[in-house]
Amino acid sequence: MLKCELRPHRIERHNREPTCQPNRSLSLSSAHSRQSPMMLKIVRHIAMVLPMVGIQTVGDDICFYYTDSGAPAQADYATLFIIHGLIFHSGTFSRISSAAPSHGLRIICVNRREYPGTSPYSPEELKIINEGSSSERAKFMLEQGIHLCLLVDRLVDTLSLPKGGITITGWSLGTIFAIAMMTAINDLPEDTRERLKAHVHKLIIWDPASICIGTNGPPGFDFSFFDTSIPPKARWATFGVWVSSYFKHEDLSLRDFNKLGNDADPTRQATVLGMTTEEISAAIDWTPGDKYDATLVSSSYVNIHWDSANKALFDPACREAWGGYDVWHIYGDANCWAVLHAVWSLEERAKGKDVNFKLLKGANHFPMWEEPERMLLLLKECINGGQSIN
């Protein structure tokens, strides 16, 4: 079982000062006076493996931490704006970020609220997430979409991103935030809306669980962090190993829940178990899981996610408000049951609709870590309208 109590610190490597104080330390010097030699080693490791990082403020002094692969050599390039999932944050994408410029891509990964470097939620916001009414929660999710849209708008200007080249990408739980962005277009200031229409032309939902698109899991299937038979302190470590495992399923074309494997393939190592302590510390933060993320993937949010997915994926008026955008659903077939259940659900809902599907055969939930080159080629295929990249 994975055991790691270490918490990551980041290094500020842009030549500008952050516009407000983030909720966690960003400097090696400040870490030096408080941390053990082991933590200092981890900090230095993060500085070497992560791409450029920055802080951007939006709205009411909300700071977003992001990593940036930097611009490729060519002037006309595509930018992927990636929103991470549950407990695994932007550091999870360090390998594809490092390789992105050589593929003519720029990858920007933002840490969601409560994750390292990004502003925490207020007690009032956390109460809405965990205890609010359906209308309060729906409004809250819309606000998250607005803030992330404002972030992209700021980065378009700050980083001089090319027009027409931005793809919004939500990985795993991050899908609900990417979807929220697309539903927020008509709630943005007019000038922001016009700039985003000129820049954003694609949406990728990458390995969402079925709950993220508004479908409850089949009977007998659930996530380990809801399993009360596992001691509370072990639930997130157990989940980290489980979700990064490889799963063997029977004939998936039958779309039979009974053919879905719920146990990890013992012949293939879970991604997390192959990571060093430093890599784990640079990619994982357990704390937001209990604080709010687990609630977002509970059945109490299923109707909110259903409505948001319908609007972002199937509502012609929403796409028209953005000036049109393509939708791609990408997934690996060695994922856990929840990801494959989402594929089946969305394929059924998307019949006759303009939604594209791409399979990464043999991939688990972490191809960005296990197979970064192959993952980048798949992302490029989506950006290029499905055309294979040799």
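Reader: Is Glu 381 buried or exposed?

Author: Burial is read from relative accessibility, where under 20% counts as buried. In this predicted model, Glu 381 has 12% relative accessibility, so Glu 381 counts as buried.

Reader: Which residue forms a salt bridge with Glu 381?

Author: For a salt bridge, look for a side-chain nitrogen of Lys or Arg within 4 Å of a carboxyl oxygen of Asp or Glu. Here the partner is Lys 358, with the closest N and O atoms 2.6 Å apart. The pair links distant parts of the chain, with Glu 381 in helix α15 and Lys 358 in strand β8, 23 residues apart. Lys 358 counts as buried too, because its relative accessibility is 17%.

Reader: How many salt bridges are there by this rule?

Author: The count comes to 16. One of them pairs Arg 195 with Asp 153, at 2.7 Å between the closest N and O atoms. Arg 195 lies in helix α7 and Asp 153 in helix α5, so this pair ties together parts 42 residues apart in sequence. Asp 153 is buried at 7% relative accessibility, whereas Arg 195 is partly exposed at 35%.

Reader: At what angle do the axes of helix α5 and helix α6 cross?

Author: A crossing of 65 to 115 degrees counts as roughly perpendicular. The axes of α5 and α6 come within 7 Å and cross at roughly 80 degrees, which makes α5 roughly perpendicular to α6.

Reader: What classes of residue make up the contact of α5 with α6?

Author: There are nine nonpolar, three polar and no charged residues. Among them are Leu 148 and Val 152 in α5, and Ile 176 and Phe 177 in α6.

Notes: Residues numbered from 1 in each chain as written. Predicted model: local features only at pLDDT ≥ 70, side-chain atom pairs only at ≥ 80, totals over all residues. Heavy atoms only, no water. Axes fitted to C-alpha atoms, helices over the stretch in contact; angles between N-to-C directions. Helix = DSSP H or I, 4+ residues; strand = E, 2+ residues; numbered from the N terminus. Parallel < 35°, antiparallel > 145°, perpendicular 65-115°, else oblique. Contact = heavy atoms within 4.5 Å. Nonpolar A, V, L, I, M, F, W, Y, C, P; charged D, E, K, R; others polar. Buried < 20%, exposed > 50% of the residue type's maximum accessible area, 1.4 Å probe, protein only.
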